[in-house]
Amino acid sequence: MLLLTKKDIRQVFSMKDAVEAVKQAFRIYSEGGSVIPLRVNINVPKHEGSTLFMPGYIEKLDSIGVKLISVFPRNPEKGKPSVPATMVLIDGNTGEVCSILDGTYLTQLRTGAAAGAATDVLARPDAEIGALIGTGGQAFAQLEALLTVRKLKEVRIFDINYASTESFVARVDKELACYGTEFKAVKSSEEAIADADVITAVTTATQPVFDGRLVKKGAHINGVGSFMPHMQELDEFIIQRADKIFFDSQDAVLAEAGDIIIPLNKGSITKDKFNGEIGQVIAETLNGRESAEEITLFKTVGIAAQDIVTGYQIYQKATEQKVGQEFSFE
Ligand SMILES: NC(=O)c1ccc[n+]([C@@H]2O[C@H](COP(=O)([O-])OP(=O)(O)OC[C@H]3O[C@@H](n4cnc5c(N)ncnc54)[C@H](O)[C@@H]3O)[C@@H](O)[C@H]2O)c1
């Protein structure tokens with residue numbers, strides 16, 4: 001089996017590759033070409049954490065996989081990532097494990113790529129101003145994905161922890177300089193989203209992180225954070241105001257995302273507000289944006305199809321380019 005570190009993955013796979021891989025994953029998923037059970041979530045209240053098991057099968061690629069991913073928000077105090085993960089890829093011809101990948105980096109890559117894919121198909125082509133809310137472990141890949149699919153002049157960046165916002169901006173000023181975008185640290189979400197054409201929220205918040213009444217017409221929003229029924233990052237106003245709402249997986253979002261479950265339970269929206277899955281828009285069986293004035297919204301909780309398709313393509317490229325370390329139990 002091939003062991004692939006973050007460095008190996010970066011060597012063979014770009015964010016552009018990841019956006020294409022995730023588009024393929026969403027399409028396969030929405031067309032019924034995969035077996036993706038709802039993930040199993042083990043709560044670990046003793047350490048305020050949870051560990052998720054995300055299995056799946058993609059027949060077309062003869063690939064099976066399971067990602068083991070934990071969310072332990074207190075880990076940074078221990079100098080550890082708050083969302084550590086490992087991806088196990090299984091050869092669908094033999095059932096043998098063929099690769100183990102750094103799932104922490106794979107998660108950042110494919111989660112960024114999910115918002116990148118949705119932004120690519122839903123945001124206005126002339127989008128110029130971006131807003132990023134949240135500067136934690138996922139944020140860098142989220143920003144890189146936005147810049148990969150739209151030529152943004154300026155991105156305003158906000159986190160409730162301003163020191164974190166500042167150090168994040170210093171990092172992206174260096175590492176994402178090639179995009180020629182101005183990155184601005186701001187002190188409120190109002191400042192971040194004012195006039196923004198694309199907004200990505202990627203926080204651990206349980207209360208809405210911006211005022212949906214202030215979103216400009218024509219904007220596209222990616223909701224990436226909330227993945228449990230009590231977690232709400234997007235407010236009811238933006239869910240009500242959005243002209244089109246798409247999910248990565250309708251089943252998963254309706255089971256897991258407080259952003260959608262809370263307003264549904266309150267009765268402030270009904271299910272007919274939802275347009276469908278992003279995979280259908282990618283497959284062109286469903287219309288995405290139909291006018292420059294529409295507000296589009298993509299809610300993602302993350303599905304195993306993203307990990308398996310992206311992981312499989314990384315494994316293929318690494319094998320071709322002889323990158324990674326072979327390991328055998330024998
Ligand atoms: N959709 C997916 O596929 C997917 C994949 C991975 C992670 N996630 C989720 O994305 C979220 C972020 O992940 P991460 O690894 O970056 O977490 P993290 O803990 O590293 O960072 C979260 C950041 O959010 C900030 N934050 C919290 N509340 C805020 C608020 N009200 N306003 C502004 N900023 C706020 C925190 O200060 C922190 O910097 C988590 O909830 C995680 O579970 C989703």
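Helices (H or I, at least four residues) and strands (E, at least two) are runs taken from DSSP and numbered from the N terminus. With those labels in hand, here are some close-ups of this predicted model.

**View 1. Asp-62 sits in the loop between β4 and β5 (63-71).** Take a look at the backbone here: Asp-62 is not a glycine, yet its phi is positive, near 50 degrees. Is Asp-62 buried or partly exposed? With 13 C-beta neighbours inside 10 Å, Asp-62 counts as partly exposed.

**View 2. Glu-48 lies in the loop between β3 (40-44) and β4 (49-58).** Glu-48 is another residue other than glycine with a positive phi, in this case about 55 degrees. Glu-48 has 12 other C-beta atoms within 10 Å. The cut-off for an exposed residue is 12 or fewer, so Glu-48 is exposed.

View 3. Where they touch, 15 residues of domain 1 are in contact with 19 residues of domain 2. Which helix gives the largest share of the side of domain 1 that touches domain 2? Helix α2 (residues 15-30) does, with eight residues. By class, this side of domain 1 has eight nonpolar, three polar and four charged residues.

**View 4. A shell of 29 residues surrounds the ligand.** The closest residues to the ligand are Gly-136, Gly-137, Gln-138, Thr-203 and Gly-302. Sorted by class, the shell has 13 nonpolar residues, 15 polar residues and one charged residue. Domain 1 and domain 2 each supply at least three residues of the shell.

**View 5. Helix α3 (residues 103-122) is mostly covered.** The 20 residues of α3 reach 28 Å from the first C-alpha to the last, close to the 28 Å expected at 1.5 Å a residue. How many of the 20 residues of α3 are buried? The count is 19.

**View 6. The largest nonpolar core holds 102 residues.** Val-22, Ala-113, Ala-117, Ala-118, Ile-157, Ile-199 and Ala-305 touch the most other members of this core. Helix α3 gives the most to the core, with 10 residues. Why does the core lie between domain 1 and domain 2? It does so because both domains give residues to it. As general background, nonpolar side chains tend to be buried together in soluble globular proteins.

**View 7. A closer look at Ala-305, one of the core residues that touch the most other members.** Leaving aside residues up to four places away in sequence, Ala-305 touches Ala-25, Ile-28, Tyr-29, Ser-34, Ile-36, Gly-56 and Ile-58.

**View 8. Val-155 is found in strand β9 (residues 154-158).** Val-155 has 25 other C-beta atoms within 10 Å. The cut-off for burial is 20 or more, so Val-155 is buried. Not counting residues up to four places away in sequence, Val-155 touches Gly-130, Ala-131, Leu-132, Leu-143, Thr-181 and Phe-183.

Notes: Residues numbered from 1 in each chain as written. Predicted model: local features only at pLDDT ≥ 70, side-chain atom pairs only at ≥ 80, totals over all residues. Expected span 1.5 Å × (residues − 1). Near = placed C-beta within 6 Å. Nonpolar A, V, L, I, M, F, W, Y, C, P; charged D, E, K, R; others polar. Domains from an automatic or database assignment. Core = buried A, V, L, I, M, F, W, Y, C linked by C-beta atoms within 7 Å. Contact = placed C-beta atoms within 7 Å.
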